[in-house]
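Open the model in your viewer and keep the sequence panel beside it. This tour tells you what to select next and what is there.

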Amino acid sequence: MQDKVTFEYAIIRLVPKVEREEFFNIGVILFSKRKKFLDAKFKINEAKLNAYSCNLDLEALNSYLHSWKLISDGNESAGIIGQFELSDRFRWLAATRSTVIQSSKTHSGLTENPEKELEDIFKKYVLCEDSDS
């Protein structure tokens, strides 16, 4: 238990029609202060997107998500937000929005390996696979 550190995560949601408040999960943002870790992983299921709405441009959505990834990575091309400290970048990414791409409330836990935790949460909540398989 001594090797475990706290982490926080938020699920990235796609809300094709904001007025209907329907969504499906498309990614995860995970942050661990002690491990100095921040990463985002996403994948839009095109079949789900088409089932909800045919009016959204998949390429544009992926472009927006790519900018979230640049921010989480602290990439210079992410602008001023990309230069924030890890915790501030996580808070910015996980902030409440009323747009087509939103974040869930943040959740916390303990882990020895934030990268593996990100992968497990992504599989469970985005790809809908059991992480023990």
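A polar contact is a pair of N or O atoms within 3.5 Å; within protein, one must be able to donate a hydrogen and the other to accept it, and residues adjacent in sequence count only if both atoms are side-chain atoms. Helices (H or I, at least four residues) and strands (E, at least two) are DSSP runs, numbered from the N terminus. This is a predicted model: local features need pLDDT of at least 70, side-chain atom pairs count only at pLDDT 80 or more, and totals for chains, interfaces and linings use all residues. Residues are numbered from 1 along each chain as its sequence is written, and side-chain values use heavy atoms, with hydrogens and water left out.

**Stop 1: helix α4.** Select Asn113 and Glu115. Asn113 caps the N-terminal end of α4, with a side-chain oxygen 3.1 Å from the backbone nitrogen of Glu115. Now extend to residues 114-125, the twelve residues of α4. Which residues of α4 are buried (under 20% relative accessible area; exposed is over 50%, partly exposed in between; 1.4 Å probe, protein chains only)? They are Pro114, Leu118, Asp120, Ile121 and Phe122. These buried residues pack (contact means heavy atoms within 4.5 Å) against β1, β2, β3 and β5 (107-111).

**Stop 2: strand β2.** Select residues 24-32. Eight of the nine residues in β2 are buried. Two strands pair if DSSP finds at least two bridges between them. Seven bridges join β2 to β1 (residues 5-14), and the two run antiparallel. Show Ala10 to find the residue opposite Ile29. On to β3 (residues 37-42): β2 pairs with β3 over six bridges, also in the antiparallel sense. Here Val28 has Lys41 as its bridge partner. Four residues lie between the strands of this hairpin, and Lys36 takes a positive phi near 50 degrees.

**Stop 3: helix α2.** Select residues 58-73. The expected span of a helix is 1.5 Å times one less than its number of residues. For the 16 residues of α2 that gives 22 Å, and the end C-alpha atoms are 22 Å apart, which agrees. At the start of α2, a side-chain oxygen of Asp57 comes within 3.0 Å of the backbone nitrogen of Glu59. After α2 comes Gly74, with a positive phi near 75 degrees. Colour the buried residues of α2: Leu61, Leu65, Trp68, Leu70, Ile71 and Ser72.

**Stop 4: the core.** A nonpolar core is a set of buried Ala, Val, Leu, Ile, Met, Phe, Trp, Tyr and Cys residues joined through side-chain atoms within 4.5 Å. The largest has 21 residues; Ile12, Leu14, Ile26, Ile29, Ile44 and Ile101 have the most contacts inside it. The elements giving two or more residues to this core are β1, β2, β3, α2 and α3. The largest share, five residues, comes from α2. Apart from this core lies another, of ten residues, including Tyr9, Val28, Leu30 and Phe122.

**Stop 5: salt bridges.** A salt bridge is a side-chain nitrogen of Lys or Arg within 4 Å of a carboxyl oxygen of Asp or Glu. The structure holds six. Select Arg91 and Glu8: their closest N and O atoms are 2.9 Å apart. This pair links distant parts of the chain, 83 residues apart, with Arg91 in helix α3 and Glu8 in strand β1. Arg91 counts as partly exposed because its relative accessibility is 42%. Finish with Asp73 and Lys69, where the closest N and O atoms of the salt bridge are 3.1 Å apart. Both lie in α2, four residues apart, about one turn of the helix.
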